Amino acid sequence: MDYEIISERQEKVLHYLTEHNIPFTTYNHPEGKTIEEAKRWWHDDGSLHCKNIFMRNHKGNQHYLICFPCDDDLAIHDLEHWLKEILVSKGLNSPGKQRTEPGSVSPFGLINDTEHHVILFLDSRLKDAPALSFHPNDCRGTVVISQEAFQQYLDEIGNKVEYLNVTTI
């Protein structure tokens, strides 16, 4: 079955990447709100598929997006504690839970953060992957992007980005 672009969120991401001459490939598939569901639809394309967790501080004025390899299983409580230690050591506010629709958050959502309120934390292993894949803010699609193109995207959006070793959690 051939799947077409099915949401405005996905169209916005693909338009942004195209408009900024950031190379990528994409494919659509049935909904995969969890990693286990999504794995059924992912192509064997050589990319490192990523998991994304969105958090905010307790005041709600600072947001954090944490991305790491999809096969890592991190408890939210442990992730909150780990991120709190990192943020407090840098003089920043600690995180809290943020409810989002599963499969709706990815680094591509930063195109909507024009005031750069979101700090992006990427697992250091993502830097070593030749290509990464994320959903385009819709769990019915996958965008595959080379490391070079992803770095171009990160430079373009301008949010603060930090690479951390998530495996130490």
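Visitor: Let's start with Asn21: is it buried or exposed?

Guide: Asn21 is exposed, because its relative accessible area is 63% and the cut-off for exposed is over 50%. Keep in mind that this is a predicted model.

Visitor: Where is Asn21 found?

Guide: Look in the loop between helix 1 and strand 1 (25-28). Asn21 has a phi near 55 degrees, a positive value in a residue other than glycine.

Visitor: Why point that out?

Guide: Because most residues other than glycine have a negative phi. His116 also has a positive phi, near 55 degrees, and isn't a glycine either.

Visitor: OK, and where does His116 lie?

Guide: His116 sits in the loop between strand 4 (95-97) and strand 5. With 38% relative accessibility, His116 counts as partly exposed.

Visitor: You mentioned strand 5. How many of its residues are buried?

Guide: Six of six, so strand 5 (residues 118-123) is mostly covered. Val118, Leu120 and Leu122 point one way, while Ile119, Phe121 and Asp123 point the other way.

Visitor: Which strands does strand 5 pair with?

Guide: Strand 3 (residues 63-69) pairs with strand 5 in the parallel sense, over five bridges. Strand 8 (residues 161-164) is also parallel to strand 5, with four bridges.

Visitor: Which residue stands opposite Leu122?

Guide: That's Cys67. For Phe121, the bridge partner in strand 8 is Glu162.

Visitor: Switching topic: which residues touch the most other members in the largest nonpolar core?

Guide: Leu17, Phe108, Leu132, Phe150 and Tyr153, out of 27 residues in that core. Several elements give two or more residues to this core, including helix 1, strand 2 (48-57) and strand 7 (141-146). Helix 4 gives the largest share, five residues.

Visitor: Why would nonpolar side chains gather like that?

Guide: In soluble globular proteins, nonpolar side chains tend to be buried together.

Visitor: What does Phe108 touch?

Guide: Leaving out residues up to four places away in sequence, Phe108 touches Val13, Leu17, Phe134, His135, Pro136, Asn137, Val143, Ile145 and Tyr153.

Visitor: What about Gly141, is it buried or exposed?

Guide: Gly141 is buried, because its relative accessible area is 1% and buried means under 20%. Gly141 lies in strand 7.

Visitor: Which residues is Gly141 in contact with, leaving aside neighbours within four places in sequence?

Guide: Gln10, Tyr27, Asn28, His29, His135 and Pro136. As for Thr26, Gly141 is 115 residues away from it in sequence but 7.2 Å away in space, C-alpha to C-alpha.

Visitor: Last topic, pockets. What volume does the second largest pocket have?

Guide: The second largest pocket has a volume of about 260 Å³. Its lining has 15 residues, of which Gly109, Leu110, Asn112, Asp113 and Asn137 lie nearest the centre.

Visitor: Which element gives the most to that lining?

Guide: Helix 1 (residues 8-19), with three residues.

Visitor: And what kinds of residues make up the lining?

Guide: Seven are nonpolar, five are polar and three are charged.

Note on methods:
Residues are numbered from 1 along each chain as its sequence is written. This is a predicted model: local features need pLDDT of at least 70, side-chain atom pairs count only at pLDDT 80 or more; totals for chains, interfaces and linings use all residues. Side-chain values use heavy atoms; hydrogens and water are left out. On a 1 Å grid over the protein atoms alone, a cavity is a set of points where a 1.4 Å probe fits but cannot get out, and a pocket is an open set with protein on both sides within 12 Å along at least five of seven lines; lining residues have an atom within 4 Å of a point. Grid points are joined across faces, edges and corners, and a volume is the space filled by probe spheres set on the points. Ala, Val, Leu, Ile, Met, Phe, Trp, Tyr, Cys and Pro count as nonpolar, Asp, Glu, Lys and Arg as charged, and the others, Gly among them, as polar. Buried means under 20% relative accessible area, exposed over 50%, partly exposed in between (1.4 Å probe, protein chains only). Two strands pair if DSSP finds at least two bridges between them. A nonpolar core is a set of buried Ala, Val, Leu, Ile, Met, Phe, Trp, Tyr and Cys residues joined through side-chain atoms within 4.5 Å. Contact means heavy atoms within 4.5 Å.
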